[in-house]
Amino acid sequence: MDPRIRPYVIRAGFYGIYRLGHISIDWPLITCLVERWRPETHTFHVPVGEMTITLQDVAIILGLRIDGPAVTGTCMLDVAQLCGELLGVTPPADAVRGLTISIRWLCQQLSTPGPDADEVALERSARGFLLALIGCFLFPDKKGVHVHLCFLPLLRDLTQTSTYSWGGAVLAHTYRELCRASLDHRCGISGCITLIQLWSWERLHVGRPDFGRSAPYPAPPFAHALHDDDVDGVVAEGMDDGLPPEPVVQPEPEAQAEPEPALPLGCRWRVPLTRVLNPSGVLLLYRDQLDAQTSDQVLWQPYVGDVVDQLPDICLADQEIWRTMSPLICFDTVEWHRPERVLRQFGLHQEIPPDSSYDQHLHRVDARGRHQRDWATYHAPYIALWETRSARVIHSPPLVGTMDFQDPYMQWYRRITRRFLTPRLHRDDMRFHTTACSMNVMVNRCHG
């Protein structure tokens, strides 16, 4: 990143996302989680109960704002006029596909402002950088090569940009992609995959790498352990290939003295990791580990103690709505936040949750074939519900100890879930034998 546009990225509230950068994805782990996703409740069904990615996880892992206006607006855009006004350049026809623009072209045009660039030019470059960051990391398509221009009007005033509920929008998009990927006929997933993986690493033992220390949950190495050379220039893997070299620009003295902002929790995984003590990358093994999961292999509340003491203010600013039962909105996407089903993640007692209404029509609404639509008007009823989010916060008594196996919730849960996903295969002497498969046979015989 050009040091002159760094203040604009910080002002917009995306500096933590930039510093998180690219983390290699463990695709067998993502597959294993998708297999346990329930679209009707937006939760993962694991043996010890329901779990999910909540607004709390998004705020703490990614450092995005939760409270604020919904990320929405109109898609009735004039591409040439909008790009000319906010980016200072009009994209050629081969860089535009519908209302999306090539991320590579965007980086080539705006990643290197000239040495004499004034404030207007720098702000335009910052918008281009942020738009590429949004398209590569937060809302990528399956190929990760285009970004939708509907986000660009929200970058007009970068101070105002930081007030939107970007965390809610990312979670809505992530829920939608998990729901799509969980369908039988789907074989891929897009969206903020890094969020899914880091959520799993923070809470589950399956495929979790180690920091190379003896402590199972070490304190995160934050800003003092991360240097610009570690992640600067990394928007997504391969994004900078073929880009022209950045001009040598000396920052102003006061800019050199500017302290490094504190970073969200996800940045602690941007260090060398080891997997010596925990095998990884094998789907069959992951399935078996989750099938045989026990309560002591789940970290229900990972964000405690020194971990939260070192987080930036934005990660903890919106705690009062972490448990809101509200619709999450990102333009065409509306997905419900269901904290009432995972209260143990907030340190609260879990009762049997109420039935969740599954709106299939809402799930089918997307931007395909609806390029000229004002989503703020179309989803106005849900936006109104989001604006009253503080009135729908779920409350429950604190959780004391661990949940008993015979707790009413666990008895109910075992009736409605499918615990074992590993298929009961022929036990070939020369192949890996899953322990959960044997357990499944024993349980069926005991109940038979």
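**Exercise 1. Is Arg338 buried or exposed, going by its relative accessibility?**

Solution. One thing to keep in mind throughout: this is a predicted model.

- Step 1: Look up the number. Arg338 has 13% relative accessibility.
- Step 2: Compare it with the cut-off. Buried means under 20% relative accessible area.
- Step 3: Conclude. Arg338 counts as buried.
- Step 4: Look for a charged partner. Arg338 forms a salt bridge with Glu340, and their closest N and O atoms are 3.9 Å apart.

**Exercise 2. Work out which residues of helix α4 are buried and what they pack against.**

Solution. 

- Step 1: Name them. They are Leu55, Gln56, Asp57, Val58, Ala59, Ile60, Ile61 and Leu62.
- Step 2: See what surrounds them. These buried residues pack against α2, α7, α9, α10, α15 and β7.
- Step 3: Check what comes next. Just after α4 sits Gly63, with a positive phi of about 75 degrees.

**Exercise 3. Find the salt-bridge partner of Asp57 and say which helices the pair ties together.**

Solution. 

- Step 1: A quick reminder: side chains of opposite charge can pair when their charged atoms come close.
- Step 2: Find the partner. Asp57 meets Arg203 in a salt bridge, at 2.9 Å from N to O.
- Step 3: Asp57 is in helix α4 and Arg203 in helix α10, so the pair ties together parts that are 146 residues apart in sequence.
- Step 4: Check burial. Asp57 and Arg203 are both buried.
- Step 5: Look for a residue that touches both. Gln345 has contacts that include Asp57 and Arg203.
- Step 6: Gln345 is in the loop between β8 and α16, and at 1% relative accessibility it counts as buried. Its side chain also reaches the backbone nitrogen of Thr52, at 2.9 Å.

**Exercise 4. Describe the largest pocket: how much space it holds, and which residues lie nearest its centre.**

Solution. 

- Step 1: Start with the volume. The largest pocket holds about 840 Å³ of space.
- Step 2: Go to its lining. Of the 29 lining residues, Asp141, His148, His173, Arg180 and Ala367 lie nearest the centre.
- Step 3: See which elements take part. β6 and α9 are the ones that give two or more residues, and α9 gives the most, with 4 residues.
- Step 4: Sort the lining by class. You get 10 nonpolar, 8 polar and 11 charged residues.
- Step 5: Arg180 is in helix α9 and Asp366 in the loop between α16 and α17, 186 residues apart.
- Step 6: Asp366 is buried, with a relative accessible area of 4%. Glu177 joins Arg180 and Asp366 in a network of salt bridges.

**Exercise 5. Locate Arg323 and find the backbone oxygen that lies 2.9 Å from its side chain.**

Solution. 

- Step 1: Arg323 is in the loop between α15 and β7.
- Step 2: List its contacts, skipping neighbours within four places in sequence. They are Pro339, Phe346, Leu348, Arg392, Val393, Ile394 and His395.
- Step 3: Pick out the polar one. The backbone oxygen belongs to Ile394, and it lies 2.9 Å from a polar atom of the Arg323 side chain.
- Step 4: Compare sequence and space. Arg323 and His395 are 72 residues apart along the chain, while their C-alpha atoms are separated by 8.1 Å.

Notes. Residues are numbered from 1 along each chain as its sequence is written. This is a predicted model: local features need pLDDT of at least 70, side-chain atom pairs count only at pLDDT 80 or more; totals for chains, interfaces and linings use all residues. Side-chain values use heavy atoms; hydrogens and water are left out. On a 1 Å grid over the protein atoms alone, a cavity is a set of points where a 1.4 Å probe fits but cannot get out, and a pocket is an open set with protein on both sides within 12 Å along at least five of seven lines; lining residues have an atom within 4 Å of a point. Grid points are joined across faces, edges and corners, and a volume is the space filled by probe spheres set on the points. Ala, Val, Leu, Ile, Met, Phe, Trp, Tyr, Cys and Pro count as nonpolar, Asp, Glu, Lys and Arg as charged, and the others, Gly among them, as polar. Contact means heavy atoms within 4.5 Å. A polar contact is a pair of N or O atoms within 3.5 Å; within protein, one must be able to donate a hydrogen and the other to accept it, and residues adjacent in sequence count only if both atoms are side-chain atoms. Buried means under 20% relative accessible area, exposed over 50%, partly exposed in between (1.4 Å probe, protein chains only). A salt bridge is a side-chain nitrogen of Lys or Arg within 4 Å of a carboxyl oxygen of Asp or Glu.
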